Amino acid sequence: MGRLLIINGSPRAPRSNSRRYAALFRRYWKEPVDEYLVTDCQHTLICAQLSRYDHLLLVFPLYADALPAALLRFLQEMERALLPANLRVHTLVNCGFLEPEQNHTALAILQYFCAKNSMKYGSSLCIGSGEAILDTPFSFLVRHKIKKLASSIHTGHYDAFSVTMPLTKKMFIRASTRYWLSYGSKNHISEVQMRTMQVEGDNEA
Ligand SMILES: Cc1cc2nc3c(=O)[nH]c(=O)nc-3n(C[C@H](O)[C@H](O)[C@H](O)COP(=O)(O)O)c2cc1C
């Protein structure tokens, strides 16, 4: 139990899935909680205030099997700060693919970061199909696991949780392909364009 700070490590923090997961966590965390978006770029100030907290919950998306650069910059600032000895780090990571274990490398990176900086590590929740699950009938599964995450931090019985949509890979690929094609079409982007490696600015060249 104690005071908790959520760090939203998504580069699109204000309208991210991470924000929605953080909001659910706040619903189940019955003690004082603050939230900081890495996109607010106040890293030095926030790191100077870490002694106010007992727990740090890093909520972020998986990027290229690892951590988004925006979150790495915050961690670099943490390394420079004087970290309180009692601070315990927890993670809630979501990825686009179906398998929650896609997030394990990111967890290992964070566990190494904690060990290197003499910080205690606590609980984790890995979410697969994180881009979609909250808008499906399976969202109750995520809520249940977020509640368990909050309770494990509260009681000090730290644990590793995971959740995803109960679909076969084939069903997931079919449904997600349909979703992204319709999303592309709403934004006037064809399937061929989406299958290239080009990103926004490249098209203007
Ligand atoms: C640049 C980029 C890299 C990504 N890399 C992965 C990845 O390696 N594996 C995966 O399952 N999802 C990957 N995703 C999907 C995101 O993890 C997923 O969309 C997530 O829900 C985004 O969360 P957010 O809205 O909190 O930023 C990637 C997304 C982006 C934009």
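Predicted model: local features only at pLDDT ≥ 70, side-chain atom pairs only at ≥ 80, totals over all residues.
Local features need pLDDT of at least 70 and side-chain atom pairs count only at pLDDT 80 or more, while totals for chains, interfaces and linings use all residues. Residues are numbered from 1 along each chain as its sequence is written, and side-chain values use heavy atoms, with hydrogens and water left out.

On to the ligand. The space it takes is the largest pocket (on a 1 Å grid over the protein atoms alone, an open set of points with protein on both sides within 12 Å along at least five of seven lines; a molecule sits there if more than half of its atoms lie within 2 Å of the grid points). Around the ligand there are 16 residues (a heavy atom within 4 Å), and S10, N17, S18, N94 and E131 come nearest. This shell divides into six nonpolar, seven polar and three charged residues, with Gly counted as polar and Asp, Glu, Lys and Arg as charged.

A backbone N or O atom of N17 lies 2.8 Å from a ligand oxygen, and a polar backbone atom of F97 is 2.9 Å from an oxygen of the ligand. A ligand nitrogen, in turn, is 2.9 Å from a polar backbone atom of A64. Taken alone the ligand exposes 650 Å², and the protein buries 75% of that (Shrake-Rupley, 1.4 Å probe).

As for the rings, the structure holds five aromatic pairs (centres within 6.5 Å; stacked under 30 degrees, edge-to-face over 60, otherwise tilted). F25 and W29 are stacked, at 5.8 Å centre to centre and 20° between the planes. Both F25 and W29 are buried (under 20% relative accessible area, 1.4 Å probe, protein chains only). Elsewhere, ring pairs link Y179, W180 and Y183 into a cluster.

Methods:
Phe/Tyr/Trp six-rings, centres within 6.5 Å; stacked < 30°, edge-to-face > 60°. Buried < 20%, exposed > 50% of the residue type's maximum accessible area, 1.4 Å probe, protein only. Polar contact = N/O pair within 3.5 Å; in protein donor to acceptor, adjacent residues only side chain to side chain. 1 Å grid on protein atoms, 1.4 Å probe; cavity = no way out; pocket = protein on both sides within 12 Å on 5 of 7 lines; lining within 4 Å.
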